[in-house]
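Here's a quick briefing to read with the model open beside you. Take a look at the structure first, then work through the points.

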Amino acid sequence: MTDEINTTLAATLRAAAAELQAQQPPPALQARIRAALPRPVSRPARRVVWAWSGGAAFATVLLGSALMVLRPAPPLMVDDGLRFGAFVRIAPDDHWPTGETAAWLVRTEVPSERLAALGLPYDPARAGESVRADVLMHPSGEVLAVRFVP
Amino acid sequence: MMSFAPWNRTPRDAGADDASLVARVAAGDAQALDLLYRREAGPVYRYALALSGNAAWAADATQEAFVALATRSQGFDATRGPVGAWLAGVARHALSALWREGRLEDPLPEDGAEAVLDAHAAAASPEALLVRQQDSNAFWAALCQLAAPHREALVLVDLQERPYAEAAAIAGIELNTLRTRLHRARGKLAALLGAAVGSPS
C-alpha cells in the first residue's frame, strides 16, 4: 500500500468518522428504554424533596450515617407502646443500595396508625396523632427502613 | 506507512464510576440511568448504525443494550472493561440476532446512507455537497462490501476511534485478531475506493 493511498484512505476515514459522529440516537429512544423496563424507574419522591433540599438531605445522610456507624444503637425503649431506637426493615434485601450508592436518612412524622402496618403496637386512641420517625430512603424514593424517635 | 492513530478522541467523562453507576441503575435509580444514557447511548447507537446501516435497527439494538443493563447488570464486570464496551457488546448481540433471523438483509440500506449524509447537508455549497456526497456514497458502499468482521473492526477503531483493547473486547476477539482484521479491512477498503475512483462515472 503506498503512502498516497494511505493518505487518501486516512482522509476518507476521517470524513466518514465525522459523519458518523454527527449521528445521534432518536430523541424518543430514551423514553422507549424507560417504557421497556419491567420495573419503572422513578425519580426521588416529591414528598421528600419538598421538605428537604438536596444539600440538607445530603448533610443529614452524612450525619446519620456517621452516628449509625460510630455510635452503638441506643437501647430499645418502650414508650406508650412504641418501640424506639431500632430500625424496622421495610424493603427486601435486593432493593437496598449497593456499591457506593448512599441512602437518605430523613426525619419526618408519620401518623400513629401506620405503626400497625409495620407490626408495631400502638394505642388506637391516639391514632390521629403523629409520631416522629427517621426514614431511610433509597435515592429512587423507596423507603428502606424506619425507626421511631421519642 | 502512515499511522492510523485515533484522532479527535473525546475524553470520557470519568467523573462517575462505572460500577457504582451500574449498581444504581440496577437498583432503579433513574438519574443514574439518565447519566449513563447521555454518556454512552451515542457511541452505542453509532456503532450499531455503522454496522447495520439501519437507523431503526440501531435504535433497537441500543434499547436492548440499556434494558439489559437495567435488568441483567450482573453480566457487567467493571474489571473487564468500561460499561460502554459492555453496552456495545450487547448491541452487537442484538444485531447478530437480527442478522440470524434474516431481518437485516441489506447491511447499509439507502435510508441509512442518506441519514448519514444529512448531517452535513447544511453550510456547504452545492458543488462541495455533491463531491462530499459522492465520496461518502462511495465510502459507505465500499464499507458494505467488506466482510462483516472486517467492517466491524474498521468501524470500532477507525470510525469510532475506540482503543484497540476495547474494540477487541466488544468484538469478542484477541487483540492480534483485531489488528489483522483491521489491516485487511483497510487494504480492502483502499482497493474498493481506488476502483470506485478509477471507474467511469
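Is Asp158(B) buried or exposed? Asp158(B) is buried, with a relative accessible area of 1%; buried means under 20% relative accessible area, exposed over 50% and partly exposed in between, using a 1.4 Å probe and protein chains only. Keep in mind that this is a predicted model, where local features need pLDDT of at least 70, side-chain atom pairs count only at pLDDT 80 or more, and totals for chains, interfaces and linings use all residues. Residues are numbered from 1 along each chain as its sequence is written, chains are lettered from A and ligands numbered from 1 in the order in which they are written, and side-chain values use heavy atoms, leaving out hydrogens and water.

**Chain B overall**
- Chain B has nine helices and zero strands (DSSP runs numbered from the N terminus: helices are H or I with at least four residues, strands are E with at least two).
- Of its 201 residues, 49% count as buried.

**Salt bridges**
- The whole structure holds nine salt bridges over all chains, each a side-chain nitrogen of Lys or Arg within 4 Å of a carboxyl oxygen of Asp or Glu.
- Arg186(B) pairs with Asp158(B), with the closest N and O atoms 2.8 Å apart.
- Arg186(B) sits in helix H9 and Asp158(B) in helix H7, so this pair ties together parts 28 residues apart in sequence.
- Asp34(B) forms a salt bridge with Arg34(A).
- Asp34(B) is buried at 7%, while Arg34(A) is partly exposed at 25%.
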